[in-house]
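Welcome, and thanks for opening the viewer. Let's walk through this structure one selection at a time.

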Amino acid sequence: MDNFSNSTQVTQDYIFYQGLRLPPKNLRWGGPRYLDDEFYLKSSKDRVKLLANLCGFSKNSRVLDIGCGQGCLLTGILSVYGEIKEYVGLDVHQASIDWTSKNLSSQSPPVSFKLLNIFNERYNPDGEAITKEVHFPVPERQFDTIVLVSVFSHMRLKDIQAYLKEIERVLAVKGKVFLTLFVEHGVPEEEENPKGYYREWSGALHCIRINRFTFEDMVYDSGLIIDYFRYRHTNDGQSSYILSLKDDSPFQAKVFQS
Ligand SMILES: C[S@@+](CC[C@H](N)C(=O)[O-])C[C@H]1O[C@@H](n2cnc3c(N)ncnc32)[C@H](O)[C@@H]1O
C-alpha cells in the first residue's frame with residue numbers, strides 16, 4: 001500500500017483501458033504493481049475467476065463488495081462477464097466513493113456505491129466510531145456473494161465483530177462470503193503493525209494481525225460458519241476464508257460411497 005494517502009486529490013477523471021474505466025493512478029491501492037493497467041485488470045479478473053471457482057459466483061449473482069476501494073472487483077466482473085445482476089460497493093473512503101459513484105455507477109447493470117461514514121484511523125479518521133452495531137444501507141438476505149478483500153486486514157477486532165454480525169443479516173440463504181485477512185496461531189488477539197512480520201509496516205492500521213481462534217470463534221458467534229480456509233496465500237501473506245450461514249436444521253447423516 002505504498003501509494004497510500006487518505007486525503008487523495010484526484011487529478012484525472014479515469015484511464016480508459018480495454019473498454020473499461022480504470023481509476024487514476026494516484027487513487028489506486030495495493031502498491032506499485034497496481035499502477036500498471038495490465039496488471040490491475042489481470043488481478044481483478046483473477047479475483048472474479050477465483051470467486052467463480054470457489055463460491056459459485058456468476059453474472060447472475062448479487063454481489064456486495066465491502067471495502068470496495070475504487071471498484072477493482074467490479075472492473076474484473078465487467079471484463080469477464082460484461083454484466084452482473086446487482087453490484088453494491090461500500091467503503092469508508094470518501095475519495096474512492098466519489099470516484100466510483102461518478103465513473104462506475106450505472107442503472108444497467110445495476111451498480112451503486114455508498115459511503116459508510118465509519119471511523120477508521122487509516123481511511124476515514126473523521127468518521128463516527130462504531131459503538132456496538134453497524135448498519136449497512138442494504139436489505140436483509142440480499143446478497144449471494146459478499147466480498148472483503150484486504151479490508152479486515154486494516155480494521156480493529158471490535159469493528160470486525162460488528163461487521164460479521166451485519167454480514168450475517170444481509171447474506172442470502174445459500175450465499176457465500178469471501179474475505180482475506182492476517183490470521184496466525186499463538187499470537188495476541190489483535191496486533192497492529194507486528195514487528196518482523198513479512199515486512200515493515202508504517203502508519204495506523206497498515207497491518208492488523210488477528211489470532212486465528214479468536215477470529216473463528218467470532219465468525220461462529222455471528223451466526224456464520226467456515227466452509228473453506230487457505231493459509232497465507234494471498235495479498236502480502238493474508239489468508240482467505242469462505243463463510244456461509246449457520247444451518248440450524250437437524251443434522252442429516254450422510255454416507256459417502258466411493
Ligand atoms: C487495501 S484497500 C482494498 C480495496 C479493495 N477491496 C481491493 O481489494 O482493491 C482497503 C479498503 O478497505 C476500506 N475500508 C477500511 N475500513 C473499512 C470499513 N470499516 N468499512 C468499509 N470499508 C473499509 C478502505 O477505505 C479501503 O478502500
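Which residues form one aromatic cluster? Select F152, F215, F229, Y231 and Y241, and you have that cluster on screen. Keep in mind along the way that you are looking at a predicted model.

**Ring pairs**

A pair of aromatic rings is described by the distance of the centres and the angle of the planes. With ring centres required to lie within 6.5 Å, the count comes to 15 aromatic pairs. Select Y14 and F16 for one of them: this pair is edge-to-face, with 6.4 Å centre to centre and 65 degrees between the planes. The angle is over 60 degrees, which is why the pair counts as edge-to-face. Y14 is partly exposed, at a relative accessible area of 30%, while F16 is exposed, at 60%.

Next, select Y197 and Y198. Their ring centres are 4.5 Å apart and the planes meet at 50 degrees, so this pair is tilted. Is Y197 buried or exposed? Y197 is buried, with a relative accessible area of 4%.

**Charges over rings**

Select R28 together with Y40: R28 lies over the face of Y40, at 4.8 Å from the ring centre. Then move to K246 and Y220, where K246 lies over the face of the Y220 ring, at 3.7 Å from its centre.

**The ligand**

Last stop: centre the view on the ligand. The space that the ligand takes up is the largest pocket. Which residues come nearest to the ligand? Of the 18 residues around the ligand, they are R47, G67, D91, V149 and Y163.

A polar side-chain atom of W29 lies 2.9 Å from an oxygen atom of the ligand. R47 also places a polar side-chain atom 2.9 Å from a ligand oxygen atom.

How much of the ligand's accessible area does the protein cover? On its own the ligand has 590 Å² of accessible area, and the protein covers 95% of that.

Technical notes:
Residues numbered from 1 in each chain as written. Predicted model: local features only at pLDDT ≥ 70, side-chain atom pairs only at ≥ 80, totals over all residues. Heavy atoms only, no water. Phe/Tyr/Trp six-rings, centres within 6.5 Å; stacked < 30°, edge-to-face > 60°. Buried < 20%, exposed > 50% of the residue type's maximum accessible area, 1.4 Å probe, protein only. Lys NZ or Arg CZ within 6 Å of the ring centre and 35° of its normal. Near = heavy atom within 4 Å. Polar contact = N/O pair within 3.5 Å; in protein donor to acceptor, adjacent residues only side chain to side chain. Areas by Shrake-Rupley, 256 points an atom, 1.4 Å probe, with all protein chains shown as cover. 1 Å grid on protein atoms, 1.4 Å probe; cavity = no way out; pocket = protein on both sides within 12 Å on 5 of 7 lines; lining within 4 Å. Sits in = over half its atoms within 2 Å of the grid points.
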